[in-house]
Amino acid sequence: MWITFERSGGIMGRKMSLALDLTNLPEDEAQSLRLLLDEMNFFALQDDLPTSPVPDGFHYAITVRTETVTHTIHTTDMSASPSLRALIQDLSTRARTQRKPI
Amino acid sequence: MHRHACVLCITPPHLLQEIARNGSDLQRETALRTIITSEQIRGQRRAMRSVMSFLAAISAGEKQRIVYDAKQGSQLPGTLVRSEGDPAVSDPAVNEAYDGCGATYDLYSDVYDRNSIDNNGLQLKSTVHYQKGYDNAFWDGTQMVYGDGDEDLPAEQRLFNRFTISLDVIGHELTHGVTQYEANLAYWDQSGALNESLSDVFGSLVKQYQRKQTAAEADWIIGEGLFTANVNGVGIRSMKAPGTAYNDPMLGKDPQPAHMKDYVSTIEDNGGVHINSGIPNHAFYVASLEMGGYAWEKMGKIWYKTLTDKLQARSTFQDAANLTSEAAAELFGTNSLEQQAVSKGWAEVGITVNGGTPGTGDGCLTSILRALGLAQ
Ligand SMILES: [Zn+2]
């Protein structure tokens, strides 16, 4: 399973991204990400965006790919559900600690 | 719509104003709403503002600040931690949000005679400690929200400090509120970049006003103090020299252009609203420097008048150039030094005042619908 994460917008307007291959993660971390995705039923989620953009708000794009299916959702801090926010928090932290310019 | 218009026919405006002043709470509220609604139907900003300033005059006319703590969660507004008049608390983020709102309110009130975000004494609401490791600040349509930067990382990995640390960031966020109540610039493409630029302009002016710095003395940096010592940069943007605020192995290089020839076409960040804002930002800087003295006095007044009287939801950079020039002529005279400085500012970024085809301004109907909140 692969996860790609992109954050854009924010007061700085700087893009940040992350590509994760779960097979390269420690098993407990991979397991907790899989649980989180199952819990929110990720593959059934739809885009969840506010009706008009929030000035300086972050915009998130998350794609999860397995051998058989690929699904992408777009969301924001204001509109994401608590479980989706937990996923964003996890992925943001990983992205921030391996910061690379795009 | 029609019903309210008729109410005005029945109750003469002076009587409504009398009720608004002296009636019971319910009468007062009804009268105020009627005044606002009937004026909105006329769709005229000038009329709207005379009503708004009347309302401002009879309301408290004092700043009302309130600060909440999200305690690293996402729930807004969070727990109330400081209200207007309360003494400082031990948490610096709370005090910075409180004082920064005060400094921003003061610039708008002292220099532009504006009573808060809505020019009607709206409470200035801020939430600090939003989420964990949140390197951002935003305006959610009703309030300001600030993260703590990289507080969750080891010191040697931190790039961002807490976002309240920077006064111009607070002025920037609060100005998004002002823009929402005024030109309501659509947050994408050129109108979005103008929205961003106005927040940088007034954010920077808040800082300059507090420090009593002339245009030549000011640093024109947005986000001063936001970066930790680990970052090679002075802030997130430079109005003086867009594209030079940072150049860092971890963060990359400041992508802002300072000229139309380098305008960035992108779909990210709502069409590069934080990138292309460098162009109008630099125009304001050049015009202010050309004029000399305190930027908030001349150029600030011209930009403020343009924001509140002239710009529309889908205005373009060319519109902004033409309209700031028009505002300069109205405030200081045709061919005044001020108007010449405005032209010079825009020329420097590759835009000739009245030189191009202005973007499609909104028609009368759209203005009315927007005033009523029925259209963007
Ligand atoms: Zn902004």
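A residue is called buried when its relative accessible area is under 20%, exposed when that area is over 50%, and partly exposed in between, with a 1.4 Å probe and protein chains only. Helices (H or I, at least four residues) and strands (E, at least two) are DSSP runs, numbered from the N terminus. The structure is a predicted model, in which local features need pLDDT of at least 70 and side-chain atom pairs count only at pLDDT 80 or more, while totals for chains, interfaces and linings use all residues. Residues are numbered from 1 along each chain as its sequence is written, chains are lettered from A and ligands numbered from 1 in the order in which they are written, and side-chain values use heavy atoms, with hydrogens and water left out.

Chain A has two helices and four strands, and read from the N terminus its elements follow the order β-β-α-β-β-α. Its radius of gyration, taken over C-alpha atoms, is 13 Å, which agrees with the value near 13 Å that a compact globule of 102 residues would have; the globule rule here is 2.2 Å times the number of residues to the power 0.38. Along the principal axes, the C-alpha trace of chain A spans about 40 × 30 × 20 Å, and buried residues make up 49% of its 102 residues. Counting a contact as heavy atoms within 4.5 Å, residues 24 or more positions apart account for 62% of the contacts in chain A with a separation of 6 or more.

In chain B, helix 8 (residues 269–276) is largely enclosed by the rest of the structure, because seven of its eight residues are buried; among them are Asp269(B), His274(B) and Asn276(B). The buried residues of helix 8 of chain B pack against strand 1 (2–9) of chain A, and also against helix 7, strand 7 (237–238), helix 9 (278–291) and helix 11 (317–332) of chain B.

Helix 7 of chain B, one of those partners, covers residues 189–211 and reaches 33 Å from its first C-alpha to its last, close to the 33 Å expected at 1.5 Å a residue, where the expected span is 1.5 Å times one less than the number of residues. Helix 7 of chain B is mostly covered, with 20 of its 23 residues buried, and Lys212(B), which follows this helix, has a positive phi near 50 degrees.

Thr104(B) lies in helix 5 (residues 92–112) of chain B and counts as buried because its relative accessibility is 0%. Leaving aside residues up to four places away in sequence, Thr104(B) touches Ile170(B), Gly171(B), Leu174(B) and Val206(B).
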